[in-house]
Amino acid sequence: MSDYSRNIPVPGFDAAGLRRQLPQKLSDPVPVNESLAAYLACYGFTKLAARAEYSLACLELAGVDLVVQQFAQPDASAGTALLVHGYTDHAGLTRPLVEWLFERGWSVVIYDLPGHGLSAGEPHDVDDFFRYTDQLTALVRQLRAGLSQPLTLIGHSTGGAIITTLLLRETAFSAADLARPILLAPLVRPTHWRSIRFKYRWLRRWLKRVKRFYKSNSHDPEFLRFVQQVDPLQHPWLSVRWVGAMLTWIDWIEQQRPGDWRPLVIQGSEDDTVEWRHNLAVLARLFPHGEQRVIDEARHNLVNEAPYWREQVFQQIEALLASET
């Protein structure tokens, strides 16, 4: 049975209302209210939050109010994993990986990108891709001293692009600050990239948003049903401005010089969301000391794949984390 067959729908869930009730520091007490309980139940976090030293807050990061959650080990921790979700997803959908990491002794930090999940911002919108990395950089700087070490970054899709940008652009962090990062089906180019660029050039003056069409990006039918029919934090539109920001970022990333970081890149061979063969070639050039693993027949959403493929992904993550502790 899929994990998502047990999740509880929450009609009329008010993300903005919950955000307004949150403290501004992760060290402050967690608010006890029906809205938070509904959120935890909807995304399957209720039991985990009770077991962990759970905290959440609305933090101002690079000028935007973003909601951050922490599931800290009550005793000794193997380290901390900071997860960065993909475009149109949100932190609530990272639960399979959060639970898996916690069971193996890791503390976990998750947060919602602007315009996603519980965070502030226009839905699915950003005017500059580099703002994402500014926010992640601010979050790492703000939390790093209080987190169990080592600290590793794990990003899916756009989350992987955000981490890749941090690795190539930020000189403030070194291998002493961050363990080897993990990139899951990372974005460099999306599929139909040339068509997207052509349409953007013609339509950007007349359209601010376009209707979203859901892809079958997982073999788990219950996950697909949940996202398309149940999840109260999904939005039916995509921002045209976001597309422009992505295209500008693609031009930047593909011109960068190689770096010394050694990320582990995990990619599914049945991914029709990103141009994964091209992307792996770009990432191999940017990170010549990194590693790449291709999971046969896995689709794009590796965190929420059906168990057969997800277990293979998590095994690769486990092997890397074991080498870091």
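## Helix packing in close-up

**View 1. The crossing that helix H4 makes with helix H11 is right-handed.** In this predicted model, H4 spans residues 95-103 and H11 spans residues 307-324, and the two helices pack with their axes 12 Å apart and at an angle of about 45°. Because of that angle, H4 is oblique to H11.

**View 2. Side by side, the residues through which H4 and H11 meet.** From H4, the residues taking part are Pro-96, Leu-97, Trp-100 and Leu-101, and they meet Arg-310, Phe-314, Ile-317, Glu-318 and Leu-321 of H11. Sorted by class, the contact of H4 with H11 holds seven nonpolar residues and two charged ones, with no polar residue.

**View 3. Helix H7 packs with helix H9 at an angle of about 125°.** The helices shown here are H7, which runs over residues 193-203, and H9, which runs over residues 240-253, and their axes lie 10 Å apart. H7 and H9 are therefore oblique to each other, and H7 passes H9 in a left-handed crossing.

**View 4. The residues that make the contact between H7 and H9.** On the side of H7, the contact is made by Trp-193, Ile-196, Arg-197 and Tyr-200, while H9 contributes Val-240, Val-243, Gly-244, Met-246, Leu-247, Ile-250 and Asp-251. When the residues of this contact of H7 with H9 are divided by class, eight are nonpolar, one is polar and two are charged.

Terms used
Residues are numbered from 1 along each chain as its sequence is written. This is a predicted model: local features need pLDDT of at least 70, side-chain atom pairs count only at pLDDT 80 or more; totals for chains, interfaces and linings use all residues. Side-chain values use heavy atoms; hydrogens and water are left out. Axes are lines fitted to C-alpha atoms, for helices over the stretch in contact, and angles run from 0 to 180 degrees between N-to-C directions. Helices (H or I, at least four residues) and strands (E, at least two) are DSSP runs, numbered from the N terminus. Angles under 35 degrees count as roughly parallel, over 145 as roughly antiparallel, 65 to 115 as roughly perpendicular and the rest as oblique. A crossing is left-handed if the near helix is turned anticlockwise from the far one by less than a right angle, and right-handed if clockwise. Contact means heavy atoms within 4.5 Å. Ala, Val, Leu, Ile, Met, Phe, Trp, Tyr, Cys and Pro count as nonpolar, Asp, Glu, Lys and Arg as charged, and the others, Gly among them, as polar.
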